[in-house]
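Subject: Structure for you to look at

Hello,

Here is the structure I promised to hand over. Please open it first, then read my notes below.

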Amino acid sequence: MRTSVKFILINILFIIIASMMLSSISGVRLSVNADEISASVAPAQVTGVKATSVTANSAKLSWNKIKNVDGYIVYKYNTSSKKWARISKTTSNLYTVGKLSAGTSYKFAVNAYVNDNGKELISKSYKTLPVTTYLADVKGLKKSSANSSSVKVKWNKVSGAKGYIVYKYNDSKKKWQRVAKTSTNVDTYTITGLKSNTTYKFTVKAYKNVSGKELTSKSYTTLKVATTKIALAKVKMTGEKKYDSTLTHPYNKQINTLVVRWGKVSNAANYQVYIKGGKYKNWTKYSTVKNNYCTVSKLARQTSYSFKVRAVNGSNTGAFSNVQTLKTARMNFNEAGWQAMCRIVYHEVG
């Protein structure tokens, strides 16, 4: 009887050992070490979830790998159903979510999983990753018109944009600077205060406010536009028609001084006066003045001088006027006439 019981116990022990060996062969994990996750235990939480790049219609996600898991599940939160929805199952720690709407906020999460005898064991906790896509890039940016001091740009409207930000590149600071922020329905803008005959760079981004923050297009197109030269008309010289003032009288005080006059020119900032005659053997720039006249002094008595004038604005210059020739007086007739009258009175009256 004792022998039979002993035999039975030995058989039971053998069966237990055989079962353990079969279990080991079938891949069931019976122990856990520091680098393994037991098949009966859910994987740890996925860490390091982040968006490595975001565009208007996609977001590339990445996270830290976990050892001994079968893969990862990527979720996107459905704002309509208020539930998390699976969007992918992958063995990689990288995944790009596509077909997103521009300028929209999303929430993503990633869980690790293992297969346990046909059952899927998933991480029990996760971290939510908020991601907001950029607005679509502004297309069709082009020059509408340009003159010597302004440039008008035009672009195609962007769906969902609240407005547009216009930038001008600052060459000295090597960066873009905002020059305007427009409303939704605007698709043109005129940049003023520019220098003539100069090339500028412009760009436009769409924007909208999301959660109190200004969201813009990610990339942009650079537009180069050159302003035109300032159109300056040819100066027209004015003849000496009035003789009732010392400014216009052809003789009074003009024994060594001449007053050169001309008509005003639109867009002229200054006028350059050139002289030839007397000690000026060749055409010489005498002065640059703001008014439309110039007093030329220290001239020789009873000498002819030629003058020509042109309008200027910055580096822009107009055509020279026709040459006007004036001659200094032989004497000051006002002074001579006064002296003669005094002599006559003194002689007649005594």
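This is a predicted model: local features need pLDDT of at least 70, side-chain atom pairs count only at pLDDT 80 or more; totals for chains, interfaces and linings use all residues.

pLDDT is the predictor's confidence in each residue, from 0 to 100.

Residues are numbered from 1 along each chain as its sequence is written, and side-chain values use heavy atoms, with hydrogens and water left out.

The mean pLDDT is 84. The protein has 2 helices and 23 strands. These are DSSP runs, numbered from the N terminus (helices: H or I, at least four residues; strands: E, at least two).

Now the salt bridges. One is a side-chain nitrogen of Lys or Arg within 4 Å of a carboxyl oxygen of Asp or Glu. The count is 5.

Arg 86 pairs with Glu 120 at 2.4 Å, N to O. Arg 86 sits in strand β4 and Glu 120 in strand β7, so the bridge ties together parts 34 residues apart in sequence. Arg 86 is partly exposed, at 44% relative accessibility. Partly exposed lies between buried (under 20% relative accessible area) and exposed (over 50%), using a 1.4 Å probe and protein chains only.

Arg 178 and Glu 214 form another salt bridge, with closest N and O atoms 2.3 Å apart.

Best wishes
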